[in-house]
Amino acid sequence: MTALDLSSPVAVVGTGTMGQGIAQVALVAGHPVRLYDAAPGRAREAADAIGARLDRLVEKERLTGTERDAARARLRPAETLAGLADCALVAEAVVERLDVKQELFRALEDVVGDDCLLATNTSSLSVTAVGGALRDPGRFVGLHFFNPAPLLPLVEVVSGFATDVTSATRAYETARAWGKTPVACADTPGFIVNRIARPFYAEALAVHEDQGADAATIDAVLRESGGFKMGAFELTDLIGQDVNESVTHSVWQAFFQDVRFTPSLAQRRLVESGRLGRKSGQGWYDYRQGAERPEPHTADPVEPPAYVVAEGDLGPAAELLALIREAGIEVRAEGEDNGTRLVLPGGGQLVLADGRTSVEFRDVVYFDLALDYRRAARLALSASQFTSPRTVAQATGLFQALGKKVSVIGDVPGMIVARTVARLIDLAVEVVAKGVATAEDVDTAMRLGVNYPLGPLEWSRRLGGEWACAVLDNLHECAPSGRYAPSLALYRHAYAADKQEGTPS
């Protein structure tokens, strides 16, 4: 099944920001486009707004004047749904209410031809439920664009329970012909991106609620150590706290209040106070004129230790040994026993975050996971009240000698990046195991949809198949609510990796 022919008209119903964006994508690709909105005059206003955006594309030399004029000629508002009768695809971007969408598609079914593809851009509702109102749900599919649709490349092509393979394939190929990167997925709460991304926000909020660190420090660690483009707090401020909380709540409810998706009370209070982020002027940060941006906690400079003792394989942090030597610090007795730690001159231990708390051990400092220890600009350290000040100082000085800023946070099991990445991997592995999407599409979706530095499954391959399972096992022991219990799919993933490596089980 091939993409829609460019001569086939495409309609967009609902002319808000997302509807206009989808219309612009189809229009620039070369289709005639019809715009419809139930509010009188709104479709005409949307057409004018799209025309203005085409003008800006010409100014930026991304369209020629001739291409713009041709696109404008193909764009037409429709006064009634009957004006969409000749369309080969109708995409909906109206309010996120099941009854409204079902009523719209029932009406469209009486207007368009039998071979017209019907699509919803819903991000939170069940594609199966919306399509269930149709006489022929086989031609109904989810086409979930990401905002702003003309700029972001990802489109989730969602097959409802009754969607025909031919319909899903045609929608997929059409999105690709429009210059997008489509990924195919089954109808599941949150689809791929909004399902797997929940821990990115949830774990940052949990660290904050547990008084582990302030928002600015958590964001800085996620960016400068984890490699994420934005931290969780600044990103939810950009999305809108109400929007982000609504998606979290929707996914939580759709999974029958699964504890892994439980919404945050701290975010709830922020929404209740009207601090919705950039759009309201205040969220986790203050965006009002003259407001100062809070700085992340950064430790003062201290002297580095003269040497460290490396015990065993540091696993994902193995690169640190080369960096320590390059900084002129002696590394002794590397690999003398089965440990996975660095021992400081005073006898204190420096251990990669593994989901355990510092109070379980004597004189231990944990350091967080980094995407790339050589390039990381900042690293977080975690210590308990039982950790000696000397050990904290030596650990701080060690990483400062490597050219890193150091943020010392509270005694938080799994710290910030490690617990976040472990949970992202768990949900991604589960999505693949349940047949929601392929591993390749999951990683593509998370890189393009939310701009992650790596897809979760690629991260797992780098860290080792057992790493996430071990971290979550330890977190679950510390907080046995079920939130951190590894999925059965992750246990199988870890076991398969163990067998592949040939180690004893």
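How much accessible surface does the protein chain have, and what share of it belongs to carbon and sulfur atoms? The accessible surface comes to about 21,500 Å², and 50% of it belongs to carbon and sulfur atoms. Areas come from the Shrake-Rupley method with a 1.4 Å probe.

This is a predicted model: local features need pLDDT of at least 70, side-chain atom pairs count only at pLDDT 80 or more, and totals for chains, interfaces and linings use all residues. Residues are numbered from 1 along each chain as its sequence is written, and side-chain values use heavy atoms, with hydrogens and water left out.

**Fold**

- The protein chain has 19 helices and 15 strands (DSSP runs: H or I, at least four residues, for helices; E, at least two, for strands).
- Its radius of gyration is 26 Å, close to the 23 Å from the globule rule for 505 residues, so the chain is as compact as a globular protein of that length.
- That radius is taken over C-alpha atoms, and the rule is 2.2 Å times the number of residues to the power 0.38.
- The C-alpha trace spans about 80 × 55 × 40 Å along its principal axes.

**Burial**

- Of the 505 residues, 54% count as buried (under 20% relative accessible area, 1.4 Å probe, protein chains only).

**Asp 99**

- Asp 99 sits in helix 4, residues 98-109.
- Asp 99 is partly exposed, at 39% relative accessible area (between the 20% limit for buried and the 50% limit for exposed).
- From C-alpha to C-alpha, Asp 99 and Ala 129 are 9.8 Å apart in space, and 30 residues apart in sequence.
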